[in-house]
Amino acid sequence: MFLSCWLTSVRNLFSQRRLRGGRRPARRWRRADAQQHLEQLEARQVMAFDFVSAFPNVGDFIGEGTVEHVAPQQITLKFSPGSKVDSQSIATGITLTRSGDGTFGDGNDEVVVPGSITVDDFPNQNMVVVRFAETLPDDSYRITISGAGAGGLRTLSQGAGLPSERFRDGGTFQLNFRLDLGAQVASVVPQPLSRPKLLTFGTDMTQYKDGDLLQVAIRGGRLNFEFDTDGRVAAGNRAVTLAGKTALDIAGEVGAAITSSGVFGSELSAATVNGARINLRGTTFTPVVSFTRSGAVPAIASVTIADGAALSQAADKVVAYFNANDPLSQSSAQNPRNYRLVETNPSTGADVAVQVPQSVSYDATSGTSVLTFETGKVAADKLYRLQIGNSTDENNLLAKAVNVGSLFASNTFSTKSFLGDGTELANDVDLHRFSLIAAGTISVAITPDATLSP
């Protein structure tokens with residue numbers, strides 16, 4: 001028994017010496033060697049609060065440059081998982097802008113005010129739903145999300161003493177997309193009114209400055225006159241040199257250029273020069289004239305613009321305005337058979353007579369069709385319905401055609417003649433039906449598929 005205890009003690013003694021002399025120093029050397037070879041890495045922080053995706057209530061996800069063919073009722077914006085969006089920051093941190101003309105940054109941009117904007121997907125709270133009060137029109141759109149400033153988008157505080165996180169650490173994100181809804185009727189003006197413009201050129205030639213811009217537009221035609229003293233004129237502008245000229249000279253030069261340019265076609269009624277004044281009249285449309293210096297109207301303008309006193313009304317015309325973003329086929333838009341003015345009984349709602357315009361003039365730049373009817377056929381005291389697109393009255397059928405009676409005498413058989421417009425042709429544009437009232441000097445702008453009462 002004692003021998004066994006002694007052997008155990010000796011074995012433990014040598015075992016402890018072996019550990020002290022071999023393994024522990026080796027471990028200390030390995031730790032020191034590892035510390036000498038460790039590389040000190042730079043501390044990095046992952047940007048957690050960022051944009052993930054956008055999707056409408058109908059259709060696929062919205063990406064950069066996406067073209068949507070259905071106007072969304074709402075758009076949902078999804079952010080990084082785990083982030084909780086602060087609802088107090090969404091109204092100022094998220095904006096939707098429409099270009100107005102397909103181009104951003106040219107002064108026509110318009111902020112779309114949503115019907116509501118809320119944080120959704122509770123309890124995650126990383127999704128924002130933007131709902132629209134009205135149907136979005138055909139245009140280019142831009143979603144801007146910004147975390148900059150006091151009004152920037154941010155998350156909720158993560159707890160006591162922990163600050164909220166700003167979107168992209170104060171950065172900005174933009175997503176551009178377009179709504180291409182096809183050809184649409186924007187408004188209708190029956191028996192349109194037009195007013196002349198009076199352009200008066202000042203006699204003090206020191207008031208004219210190099211680079212002054214006079215812009216004249218009638219319907220889709222436009223002329224830019226640039227006053228010049230150094231021989232340098234922007235591309236597309238017509239130079240009006242000032243050296244050695246009087247106000248009468250300039251008025252005569254500008255008036256002659258307007259008349260001879262051919263830019264306005266039949267929509268230019270006259271550009272009458274009387275001394276230093278030009279009386280500019282349009283056939284159906286009121287001319288639009290502006291005078292600017294460095295993009296703004298100067299306090300003292302060398303050219304003044306005023307409205308003429310005389311009004312003229314095109315009683316035999318109706319103007320249909322289409323969205324200019326989707327130009328129509330010229331041949332289809334100018335086909336009179338694609339337009340019908342239907343006189344309606346205001347008491348019964350029954351159709352009384354149908355008129356097809358004698359001619360149609362379509363301008364793609366302004367998106368307008370001028371319908372010209374037979375003189376005296378568009379009365380100011382009647383209710384009309386204007387149909388644009390394929391005919392729906394089927395007057396190419398015998399049952400719907402007009403019985404015009406006998407055209408020649410015959411003793412052997414009965415003679416009857418019917419007037420229709422032949423086989424209907426398929427139209428290549430999808431337009432809307434709507435109603436209008438042609439009422440004297442009143443111009444009416446209405447929405448598609450609306451019915452007006454007398």
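This is a predicted model: local features need pLDDT of at least 70, side-chain atom pairs count only at pLDDT 80 or more; totals for chains, interfaces and linings use all residues.
Residues are numbered from 1 along each chain as its sequence is written, and side-chain values use heavy atoms, with hydrogens and water left out.

Next, select the open sheet of four strands, whose order is S15-S14-S13-S18 and whose pairing is mixed; strands are DSSP runs of E with at least two residues, helices are runs of H or I with at least four, both numbered from the N terminus, and two strands pair if DSSP finds at least two bridges between them. At its edges are strand S15 (238–241) and strand S18 (288–292), each of which pairs on one side only. Neighbouring strands of this sheet are turned against each other by 20 degrees on average, direction ignored, with axes fitted as lines to C-alpha atoms (for helices over the stretch in contact) and angles running from 0 to 180 degrees between N-to-C directions. Strand S14 (residues 221–228) pairs with S15 in the parallel sense over four bridges, and the bridge partner of Phe227 in S15 is Val240.

Now colour the largest nonpolar core, which has 26 residues, with Phe201, Leu214, Phe225, Phe227, Val254, Ile258 and Leu280 having the most contacts inside it. Such a core is a set of buried Ala, Val, Leu, Ile, Met, Phe, Trp, Tyr and Cys residues joined through side-chain atoms within 4.5 Å, and buried means under 20% relative accessible area with a 1.4 Å probe, protein chains only. At least two residues of this core come from each of strand S12 (197–201), S13, S14, H3, strand S16 (268–274), strand S17 (277–282) and S18, and H3 gives the most, with six residues. Apart from this core lies another, of 25 residues, among them Ala54, Ile90, Leu96 and Val112.

**The five-stranded sheet**

Move to the open sheet of five strands, ordered S2-S9-S8-S4-S5 with mixed pairing. Strand S2 (66–68) and strand S5 (110–111) stand at the edges with a single partner strand each, so one side of each is left without a neighbour in the sheet. S2 runs parallel to strand S9 (residues 172–179), to which three bridges join it, and Thr66 has Phe177 as its bridge partner in S9.

**An enclosed strand**

Select strand S26 (residues 382–388), where six of the seven residues are buried, so the strand is largely enclosed by the rest of the structure. Strand S22 (residues 339–344) runs antiparallel to S26 and is joined to it by six bridges, with Glu343 opposite Tyr384.

**Confidence**

Finally, colour by pLDDT, the predictor's confidence in each residue from 0 to 100: the chain has a mean of 81, and 75% of its residues reach 70 or more. Among its elements, S12 has the highest mean pLDDT (98) and strand S29 (residues 433–438) the lowest (34). Over residues 420–454 the pLDDT is below 50, and this stretch has 109 contacts in the model beyond near neighbours in sequence.

Technical notes:
Buried means under 20% relative accessible area, exposed over 50%, partly exposed in between (1.4 Å probe, protein chains only). Contact means heavy atoms within 4.5 Å.
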